[in-house]
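Thanks for coming, everyone. Please have a look at the model on the screen, and then I will walk you through it.

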Protein chains: 2
Amino acid sequence: MTRVLCRLAGQWQDDWPATDRGLHYGDGLFETMRLSAGRIPLWPLHQARLQAGITALRFPSATMDDVLQALETLPESQRLDRYSAVKLLLSRGTGPRGYAIPEPTAINLQLHLFDAPQWRWSGLSAECPGLTIGVNPVRLGRQPRLAGLKHLNRLEQVLARAEFQPGWDESLMLDDQEQVIEGCYSNLIIRRGGQWLTPSLATSGVNGVVRQWLLQQLDVTVTGLSLDDIKQADALFMSNSLMGIVPVARMDTTSYAPTSETLDVMRALQTRLESLF
Amino acid sequence: MTRVLCRLAGQWQDDWPATDRGLHYGDGLFETMRLSAGRIPLWPLHQARLQAGITALRFPSATMDDVLQALETLPESQRLDRYSAVKLLLSRGTGPRGYAIPEPTAINLQLHLFDAPQWRWSGLSAECPGLTIGVNPVRLGRQPRLAGLKHLNRLEQVLARAEFQPGWDESLMLDDQEQVIEGCYSNLIIRRGGQWLTPSLATSGVNGVVRQWLLQQLDVTVTGLSLDDIKQADALFMSNSLMGIVPVARMDTTSYAPTSETLDVMRALQTRLESLF
């Protein structure tokens, strides 16, 4: 059961304009969020990332107020409490042809309401103790001005997703200097030598909300990581807003057998995350 | 006078779907083309670039047939011969949420009909013998899988356009290794030491149709170019489909005073280009 609601320049409407800059240039942002009884428990983290994007893309300063008003004035028949997830998409609206930012700008906004999948760790079993992943052949370009943001230029992810081999649940994405950055649709964290480590997202990648939440809960070192660092890790976990935190059982020819202590730490965090919803 | 026509999965319609992958991921391509009496004189070059994009993005093999059929079956009241330019936008259509390519794929297509501006060289005068440009602070990320293509992920150009200083007509874009690649909305070619040189687009940039046409008319060396190479050039020209070929008078603190021989060669090519329309 899925429902799309559009709010164009402050008015709820059914259709999306063909001249929208989100379509023509990817000039926009999005957030995919789990809901709980109509609330967005991790909203502060989603909001912070969205605000970082609004600032980096030079959206109008009133954009966040527009977003908050939209969430509060949803048509009665489409209330958030009927769904368990929402994708919020924000574009710089319509304007004359060309890259120049229109003045004034009237933001367009879309809410895609849907039912979230099960937290992914819940679906694992003794026979299938974690994800099977590979190394994606698509390399991420480096763009510090967009790094960390969840913007609408996602062709690298579309190309990367099309490279998945049979049996892969996810894949590691490296940048063009062979640094490991993230998964195709998730972030990663490793346990190695008694430390928690996650890649720096200074030049590419999406700063996931569950990644940020983990950085608040655990003592994690943010650093450069090579593929060898990942292969030599004692444990590897992937995370995103919909699947939560989930262990990797196998990456390419490397198998991971995390200690029960490491698994217990992460399982406890996953349980704490679920308890927010 | 502007008109937008949408063709969704083969049917002419008025609106664009909110769930289109062009909007959500920039999963599509576009071409901006000058018209002449309803024809597209440089169509073979536009078609070749579009086909390169269709192949690189793994669009269905029948996509080009869809495009040709759309151009041939335009509603009578919106014939191409009433306009002097058209922007063709192509997306991978709608599908389930997520980056995976939908199977089957039904392409969405949009024609944006408008009146082209004057060829830009025509507007120059003795007092204003060429463009004034600067060096853009935004650097292009390198992505060989998308280089050369006119795809819908154009946030770098939006950010770059917002960095224009007062008086700039265009700006040079360098990649993250400080190689000069292109303008924000055009390509470049220089005259230096008796040679024509233009940057390689192997890792970033858009392979413009007028650039390709110039490569057919002139003996041009495609090579890496630094900002020093540009500053030490005898002449600098920018090109795109709408403005044609146009000299640069000033780049930052560097002034260009091309020899009359160099100007004559390029003016003759601009005249030849105009004669196609």
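Let me start with a strand pair: β3(B) and β4(B) run antiparallel to each other, joined over seven bridges. Pairing here means that DSSP finds at least two bridges between two strands. The element names are DSSP runs, numbered from the N terminus: helices are H or I with at least four residues, strands are E with at least two.

Two housekeeping points. This is a predicted model: local features need pLDDT of at least 70, side-chain atom pairs count only at pLDDT 80 or more, and totals for chains, interfaces and linings use all residues. Residues are numbered from 1 along each chain as its sequence is written, while chains are lettered from A and ligands numbered from 1 in the order in which they are written.

Back to the sheet. On β4(B), B:Ser91 has B:Gly28 standing opposite. β4(B) also pairs with β5(B), again antiparallel, over seven bridges. There, B:Lys87 stands opposite B:His112 of β5(B). Is β4(B) mostly covered or mostly open? Mostly covered: six of its seven residues are buried. Buried means 20 or more other C-beta atoms within 10 Å of the residue's own, exposed means 12 or fewer, and partly exposed is in between, with C-beta atoms placed from the backbone.

The loop between β4 and β5 of chain B holds B:Pro104. The peptide bond from B:Glu103 to B:Pro104 is cis, with omega near -5°. In chain A, the bond from A:Glu103 to A:Pro104 is cis, with omega near -5°. A:Pro104 sits in the loop between β4 (85-91) and β5 (108-114) of chain A.

Most residues other than glycine have a negative phi, and most peptide bonds are trans. With that in mind, look at B:Ala37, whose phi is positive, near 50°. B:Ala37 belongs to the loop between β3 and α2 of chain B. It counts as exposed because it has 9 C-beta neighbours inside 10 Å. Next, A:Asp252: phi is near 60°, again positive in a residue other than glycine. A:Asp252 lies in the loop between β13 (244-251) and β14 (254-255) of chain A. With 16 other C-beta atoms within 10 Å, A:Asp252 is partly exposed.

Now helix α2 of chain B, residues 43-56. Its 14 residues should span 20 Å at 1.5 Å a residue, and the end C-alpha atoms are 20 Å apart, so the two agree. The expected span is 1.5 Å times one less than the number of residues. Which residues of α2(B) are buried? They are B:Leu45, B:His46, B:Leu50, B:Gly53 and B:Ile54. They pack against β3 (28-34), α3 (63-72) and α5 (209-217) of chain B. After α2(B) comes B:Arg58, with a positive phi near 60°.

On to domains. The assignment for chain A gives domain 1 (3-116) and domain 2 (121-275); such bounds come from an automatic or database domain assignment. Taken over C-alpha atoms, the centres of these two domains of chain A are 27 Å apart. Their contact takes 18 residues from domain 1 of chain A and 13 residues from domain 2 of chain A. Contact means C-beta atoms, placed from the backbone, within 7 Å. On the domain 1 side, β3 (28-34) and α2 (43-56) of chain A each supply at least two residues. The largest share, seven residues, comes from β3(A). By class, that side has nine nonpolar, six polar and three charged residues. Ala, Val, Leu, Ile, Met, Phe, Trp, Tyr, Cys and Pro count as nonpolar, Asp, Glu, Lys and Arg as charged, and the others, Gly among them, as polar.

Last, the two chains. How is chain B laid on chain A? By a turn of 180° and a shift of 0.0 Å along the axis, with an RMSD of 0.0 Å. The two copies are thus related as by a two-fold rotation axis. In chain B, the C-alpha nearest the axis belongs to B:Leu23, 2.0 Å from it. The superposition is by least squares on C-alpha atoms of residues with pLDDT of at least 70 in both copies.

The contact between the chains takes 43 residues from chain B and 43 residues from chain A. In chain B, β1 (3-8), α1 (21-25), β4 (85-91), β5 (108-114) and α4 (155-161) each supply at least two residues of the side that touches chain A. The largest share, six residues, comes from α4(B). That side of chain B divides into 21 nonpolar, ten polar and twelve charged residues. Finally, 100% of the interface residues of chain B are also interface residues in chain A, so the copies meet through the same surface.

How values were computed:
Two residues are in contact if their C-beta atoms, placed from the backbone, lie within 7 Å.
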